[in-house]
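Please walk me through this model, covering its charged pairs, its aromatic rings and its nonpolar packing. Give the cut-offs along the way.

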Amino acid sequence: MGDHKDQPLRVGAAVRRRRRSLQLTLAVVAERSGLSVPFLSQIENDRARPSRTSLEKVADALRTTAVELLAAADPACSVDVVRAEPVESAAPRARSLVRGHHQMHASEFTGDQDAGREFQYRNDQLMYVADGAVEVEAEGRAYRLGRGDTLYLTGGVRHRWRATVSDTRVVVVAVSEHIEAVGDRTR
């Protein structure tokens with residue numbers, strides 16, 4: 001009930017993303033696949049579920065496989081529960097808090113992370129310190145954050161961070177990389 005694994009997949013968005021990434025029109029995909037434009041439109045808008053044969057024809061037209069399209073499919077739900085995972089060791093770990101291909105991505109980082117690793121995301125992100133404390137270096141400045149603090153980073157800002165207290169938990173929420181959320185910014 002509400003768990004992602006119990007929901008059917010919506011392949012339409014994956015088909016649309018692939019078609020657009022190849023800069024193809026529905027008419028071109030229809031010609032290549034032998035399927036009609038209205039049927040392809042219904043697939044992309046999740047108003048029709050293609051048979052295995054039809055999905056393979058669409059995949060061939062998009063120069064991919066049906067397996068790849070299904071792997072990129074979205075869950076057919078607007079609510080998804082990601083259950084907490086048991087913590088088995090004190091080793092640093094990261095886990096995704098949002099499953100599937102969505103407009104938003106969120107991850108939870110626990111423990112000390114690689115302080116030397118530099119990050120730069122295409123779109124904006126927000127860091128929230130759920131427990132512990134971190135130090136973030138961004139644009140030549142150091143920011144110390146404690147429990148409950150947030151840091152907003154505009155897309156394109158290079159940064160690195162490290163936990164300064166054991167058992168630190170940081171939640172990072174960002175606009176997904178595939179979204180064109182930020183136009184060119186002049187610095």
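E118 and R160 form a salt bridge, with 3.2 Å between the closest N and O atoms; the term stands for a side-chain nitrogen of Lys or Arg within 4 Å of a carboxyl oxygen of Asp or Glu. E118 is partly exposed at a relative accessible area of 40%, and R160 is partly exposed at 25%. Here buried means under 20% relative accessible area, exposed over 50%, and partly exposed in between, with a 1.4 Å probe and protein chains only. Helices (H or I, at least four residues) and strands (E, at least two) are DSSP runs numbered from the N terminus.

The model is predicted: local features need pLDDT of at least 70, side-chain atom pairs count only at pLDDT 80 or more, and totals for chains, interfaces and linings use all residues. Residues are numbered from 1 along each chain as its sequence is written, and side-chain values use heavy atoms, with hydrogens and water left out.

D114 is exposed, with a relative accessible area of 52%. Its C-alpha atom is separated by 6.8 Å from that of R162, 48 residues away along the chain.

A search of the whole structure finds two aromatic pairs. Rings of Phe, Tyr and Trp (its six-membered ring) pair if their centres lie within 6.5 Å; planes under 30 degrees apart count as stacked, over 60 as edge-to-face and the rest as tilted. F109 and W161 have ring centres 5.7 Å apart and planes at 75°, so this pair is edge-to-face. It links F109 in strand 4 to W161 in strand 9 (residues 159-163), 52 residues apart, and both residues are buried. For F119 and Y121 the centres are 6.1 Å apart and the planes at 10°, so the pair is stacked. F119 is buried at 12% relative accessible area, whereas Y121 is partly exposed at 27%.

Salt bridges number ten in the whole structure. Two of them involve E44, which is paired with R16 at 3.6 Å between the closest N and O atoms and with R19 at 2.6 Å, N to O. E44 lies in helix 3 and R19 in helix 1, so the latter pair ties together parts 25 residues apart in sequence. E44 is buried, at a relative accessible area of 5%, and R19 counts as buried at 10%. Elsewhere, E108, D131, R147 and R169 are linked in a network of salt bridges.

In helix 3, L40, I43 and E44 are buried. Seen down the helix axis, the buried residues fall within an arc of 95°, so they line one face of helix 3; the arc is that of the directions from the helix axis to the C-beta atoms. Their cover includes helix 1 (12-21), helix 2 and helix 4.

L40 and I43 are also among the members that touch the most others in the largest nonpolar core, which has 18 residues. Such a core is a set of buried Ala, Val, Leu, Ile, Met, Phe, Trp, Tyr and Cys residues joined through side-chain atoms within 4.5 Å. Two or more residues each come from helix 2 (26-33), helix 3 (37-44), helix 4 (52-61) and helix 5 (66-71), and helix 4 gives the most, with four.

Technical notes
Contact = heavy atoms within 4.5 Å.
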